[in-house]
Every structure is written in structure tokens, then in C-alpha cells.
Amino acid sequence: TITYPIKFTKSKFLDKNNNEIVSLSTGGSFKVDINYEIDSSVIGTKPIFTVRIFNKDNVYCYGTNTIMDKIETKPLEKEGKISIVLSNLWLISGKYRFDFVIKNNKMQDISPILKKNIEITSKNSRPGIIPAYVDWVI
């Protein structure tokens, strides 16, 4: 087994009122709060926070990180917390897995992958991978 200098201590999916959730309607927004502790070997490292979304068939649906989003991170301290807000999440109904990992500036994992599951629900009766809005001209 691999030992990482960062360990996750708590994580929650939260709605706009900071209530913990296990499901979300498609098109909705939510926040993920993640707490972590680090050992002294990475204190002062500027982390790269990464999030990836996979569907139940392990198909990669979305991913980003603080480098891609041009977010400047502060050097790591003994413990920390990150909040990630995902807005207008247009996923079709189903089960999804969110992977969170912290990397160093060489894009090497310095934390294990935190895997969290959430159910996306939809009242849309139209099947498809993405919502499409069509104007018909006949």
C-alpha cells in the first residue's frame, strides 16, 4: 500500500443552506466540503486540488483542477479545508462518483483519491447524455 502525506478527515456534499445531501436534481448546484491533515513533509507545498466526475459505468464525465481554473492556492499547513462549489450540474439521472485528489506541482498525487457517490435525479423524461433545447422551424 502507498502512504500519502495527506489524509482526508471529513467530507460532505452540501446544498445551498449547508444541509448535507446524498442526491441532487440535474441542473442543480451544491458544495463539497473536504477537511484534510498533512504530515510535515509537505508543509509549505502549493497544492493542486483536483475533482473528477464519473458515471456508474466509470465513464469520465467532467474534471478540473485549480491550475486549469487559474486558482492560486496557499501553501499547505498542518490541516486544511477546501470547499468546491459545482453550479448548474447538467448530468442525466443516475449514480455518479466524484473523485478528489491533491497533487504537487509535478502533478503527482500527495493524497489518496477520495471517492464520494451522489445520486442525480431528473424530472426530464427525454433520454440523452446532455440536455438539448431545440427550436423547430417547420
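The model on display is predicted.

Begin with the whole protein chain, shown as a C-alpha trace. Along the principal axes, its C-alpha atoms fill a box of roughly 65 × 30 × 30 Å. Next, switch to a cartoon coloured by secondary structure: the protein chain has 8 strands and 0 helices. Followed from the N terminus, the elements therefore read β-β-β-β-β-β-β-β.

Now display the contacts within the protein chain. Among those with a separation of 6 or more, 70% join residues 24 or more positions apart. Colouring by burial comes next; 38% of the 138 residues count as buried.

Select the charged side chains. The protein chain carries 20 positive and 14 negative ones, and the centres of these two sets lie 2 Å apart.

The tour ends inside the protein. A search of the whole structure for cavities of 30 Å³ or more finds 1, and the largest cavity has a volume of about 50 Å³. To see its lining, select F8, I34, F49, T50, I82, I84, F100, V101 and I102. Then highlight β4 (48-55), β6 (79-89) and β7 (94-103), each of which supplies at least two residues of that lining. Which strand gives the most to the lining of the largest cavity? Centre the view on β7, which gives the most, with 3 residues.

Note on methods
Residues numbered from 1 in each chain as written. Predicted model: local features only at pLDDT ≥ 70, side-chain atom pairs only at ≥ 80, totals over all residues. Heavy atoms only, no water. Helix = DSSP H or I, 4+ residues; strand = E, 2+ residues; numbered from the N terminus. Buried < 20%, exposed > 50% of the residue type's maximum accessible area, 1.4 Å probe, protein only. Contact = heavy atoms within 4.5 Å. Lys, Arg positive; Asp, Glu negative; His and termini not counted. Charge placed at Lys NZ, Arg CZ, Asp CG, Glu CD. 1 Å grid on protein atoms, 1.4 Å probe; cavity = no way out; pocket = protein on both sides within 12 Å on 5 of 7 lines; lining within 4 Å. Points joined across faces, edges and corners; volume = space filled by probe spheres on them.
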